[in-house]
Amino acid sequence: MKNNLKDSRDIRTAIENIAREICREETRDCLRLYKATVTMTAAVGGSEMGVKLVGDATELFLPYKSTVSDAAVGSAVWVAKIYGSWRNAIVWDKI
């Protein structure tokens, strides 16, 4: 009986790993939104805004949509990551 239980767990783990990898591959190009806090406002004529993602201490300097250009330091915003790359990220909208 113990071997059957262990075999079942091993099979389940193998299936979960395969499913996780397939999901990661299939959704790599999806738009992802992350909640962030503004750390540096958009400078007049500037092209980037400073933000920190919730739960992360790293400050990112990202381009922003014109609709969030007036976001104050400390306000919450959405950061969009496009095609799985932070090089394509943009401060998307206010929360």
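In strand β5, Ile90 is the bridge partner of Ala80. The model is predicted; local features need pLDDT of at least 70 and side-chain atom pairs count only at pLDDT 80 or more, while totals for chains, interfaces and linings use all residues. Residues are numbered from 1 along each chain as its sequence is written, and side-chain values use heavy atoms, with hydrogens and water left out. Five strands form an open antiparallel sheet in the order β3-β2-β1-β4-β5. Strands here are DSSP runs of E of at least two residues, numbered from the N terminus, and two of them pair if DSSP finds at least two bridges between them.

**Sheet**

- β3 and β5 (85-94) stand at the edges with a single partner strand each, so one side of each is left without a neighbour in the sheet.
- On average, neighbouring strands of this sheet are turned by 45° against each other, direction ignored; the strand axes are lines fitted to C-alpha atoms.
- β4 and β5 run antiparallel and are joined by five bridges.
- One of the pairs between them sets Val79 against Val91 in β5.
- Strand β2 (residues 49-53) and strand β3 (residues 59-62) are also antiparallel, with four bridges joining them.
- Phe61 in β3 stands opposite Gly50.

**Hairpins and turns**

- Five residues separate β2 from β3 in their hairpin, and Gly55 in that turn has a positive phi of about 85°.
- The hairpin of β4 and β5 has two residues between the strands.
- Tyr83 lies in the loop between β4 and β5 and has a positive phi of about 55° although it is not a glycine.
- Most residues other than glycine have a negative phi.
- Which class of accessibility does Tyr83 fall into? Tyr83 counts as exposed, at 53% relative accessibility; the classes are buried for under 20% relative accessible area, exposed for over 50% and partly exposed in between, with a 1.4 Å probe and protein chains only.
- Gly84 is in the loop between β4 and β5 as well, and is partly exposed with a relative accessible area of 44%.
- Gly84 and Leu31 are 53 residues apart along the chain, and their C-alpha atoms are separated by 7.7 Å.

**Lys81**

- Lys81 is found in strand β4 (residues 76-82).
- A salt bridge is a side-chain nitrogen of Lys or Arg within 4 Å of a carboxyl oxygen of Asp or Glu.
- The Lys81 side chain does make a polar contact with the side chain of Tyr34, at 3.4 Å. Such a contact is a pair of N or O atoms within 3.5 Å; within protein, one must be able to donate a hydrogen and the other to accept it, and residues adjacent in sequence count only if both atoms are side-chain atoms.
- Leaving out residues up to four places away in sequence, Lys81 touches Cys30, Leu31, Arg32, Tyr34, Trp86 and Ala89, where contact means heavy atoms within 4.5 Å.

**Val68**

- Val68 lies in the loop between β3 and β4 and is buried, with a relative accessible area of 0%.
- Residues touching Val68, not counting those up to four places away in sequence, are Met49, Val91, Trp92, Asp93 and Lys94.
- The C-alpha atoms of Val68 and Met49 are separated by 9.4 Å, the two residues being 19 residues apart along the chain.

**Salt bridges**

- The count of salt bridges comes to six.
- Glu25, Arg28 and Asp29 are linked in a network of salt bridges.
- Glu25 is partly exposed at 40% relative accessibility, Arg28 is partly exposed at 44%, and Asp29 is partly exposed at 46%.
- Lys94 forms a salt bridge with Asp70, with the closest N and O atoms 2.6 Å apart.
- Because Lys94 lies in strand β5 and Asp70 in the loop between β3 and β4, the pair ties together parts that are 24 residues apart in sequence.
- Lys94 counts as partly exposed at 36% relative accessibility, whereas Asp70 counts as exposed at 54%.

Key
Axes fitted to C-alpha atoms, helices over the stretch in contact; angles between N-to-C directions.
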